[in-house]
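Okay, thanks for coming, everyone.

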Amino acid sequence: MTTEQAEPETTSTTLQDMRDVNTLLRRRNSAMQELIATHIAKALDSRKTERWDAAIELVEALNDADVSVYPLVDKWLADNGWDPRAAYKPLAGSGGWIGSMANADDPYTAAEKAFAREPWGPGVTRDQAMANVVTPHLAEALLDGKSEEVRAWARGLAHELKRERIDLLDDIGRHMQRMALGEPSSEIPF
């Protein structure tokens, strides 16, 4: 056997070995992510201040390192009876996630605590949290039967937000429909 004939076998063996190692590393990485996500989810589930704060810090650090375990954490929480967004809400009286980072001398601390009520967990942006607060008020103002001035103000604000790429028009319409007709049901409301 010549050396030219032996090379393809060595190359294919090396390639197969690399595939095996790659598969093994992927399995280990997946198992590690699952274990970490379960640990984070159990800490959020415990609602113990130190564990909860540590879990929030860890899940954020992993996300910043491009190792998001949010889907795995959310799956565990949902499987164990949680609304995943509720598990990320700051604990009452703990200062929580946002409150723990705020400086007591900071004049904006009160504003941050107001924002802390919103579920800024995975998938919820500041714009979405703001939209959740503003939409019902604009819908109510647009349905105000007493004042055309209030309705004009609400329309103007909704269109200004849309120009700023915060399009709430469809959400406002759905909310107005729920306010006027009630929640969707199979029964005709009139």
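I'll start with the overall picture and then go through some helices and single residues.

First thing to keep in mind: this is a predicted model. The mean pLDDT of the protein chain is 75, with 69% of residues at 70 or more. Helix H3 has the highest mean pLDDT among the elements, at 89, while helix H6, residues 109-115, has the lowest, at 42. And over residues 94-120 the pLDDT stays under 50.

Read from the N terminus, the elements go α-α-α-α-α-α-α-α-α. Of the 190 residues, 27% count as buried. If you take the contacts with a separation of 6 or more, 54% of them come from residues 24 or more positions apart.

Now the inside. The largest nonpolar core has 17 residues, and Ile40, Leu44, Val59, Val69, Val73, Leu77 and Tyr88 are the ones with the most contacts inside it. Helices H1 (3-46), H2 and H3 (70-79) each put in at least two residues. There's also a second, separate core of 12 residues, which includes Ala139, Ala141, Ala154 and Leu168. As a general point, nonpolar side chains in soluble globular proteins tend to be buried together.

Let's zoom in on H2. This helix covers residues 49-64, so to speak a 16-residue helix, and it reaches 22 Å from first C-alpha to last, close to the 22 Å expected at 1.5 Å a residue. Which residues of H2 are buried? Trp52, Asp53, Ala55, Ile56, Val59 and Leu62. Take Val59: leaving out residues up to four places away in sequence, Val59 touches Ile40, Val69, Tyr70 and Tyr88.

Arg47 sits in the loop between H1 and H2, and has a positive phi near 60 degrees without being a glycine. Arg47 is partly exposed, at 28% relative accessibility. Then, just after H2, there's Asp66, with a positive phi of about 60 degrees. Asp66 is in the loop between H2 and H3, and at 73% relative accessibility it counts as exposed.

Okay, on to H8, residues 148-163. This helix has 16 residues and a reach of 22 Å, close to the 22 Å expected. Arg151, Ala154, Ala158 and Leu161 are buried in H8. Why do these buried residues line one face of the helix? Because, seen down the axis of H8, they fall within an arc of 90 degrees. The general rule behind that kind of pattern is that an α-helix has 3.6 residues a turn, so residues three or four places apart point the same way. On the other side of H8, Glu149, Trp153 and Arg163 are exposed.

At the start, a side-chain oxygen of Ser147 comes to within 3.3 Å of the backbone nitrogen of Glu149. Just after the helix, Arg165 has a positive phi of about 70 degrees.

Arg151 has a relative accessible area of 18%, so it counts as buried. Where does its side chain go? The Arg151 side chain reaches the backbone oxygen of Asp144 at 2.3 Å. Setting aside neighbours within four places in sequence, Arg151 is in contact with Ala141, Leu142, Asp144, Gly145 and Lys146.

Thr135 is in helix H7, residues 126-142, and is buried at 7% relative accessibility. Beyond its neighbours within four places, Thr135 is in contact with Leu168, Asp171, Ile172 and His175. Over in H9, residues 169-181, we find Arg174, which is partly exposed at 43%. The side chains of Arg174 and Asp171 are joined by a polar contact of 2.4 Å.

Key. Residues numbered from 1 in each chain as written. Predicted model: local features only at pLDDT ≥ 70, side-chain atom pairs only at ≥ 80, totals over all residues. Heavy atoms only, no water. Helix = DSSP H or I, 4+ residues; strand = E, 2+ residues; numbered from the N terminus. Buried < 20%, exposed > 50% of the residue type's maximum accessible area, 1.4 Å probe, protein only. Polar contact = N/O pair within 3.5 Å; in protein donor to acceptor, adjacent residues only side chain to side chain. Expected span 1.5 Å × (residues − 1). Core = buried A, V, L, I, M, F, W, Y, C linked by side-chain atoms within 4.5 Å. Contact = heavy atoms within 4.5 Å. pLDDT = per-residue confidence, 0-100. Arc of directions from axis to C-beta.
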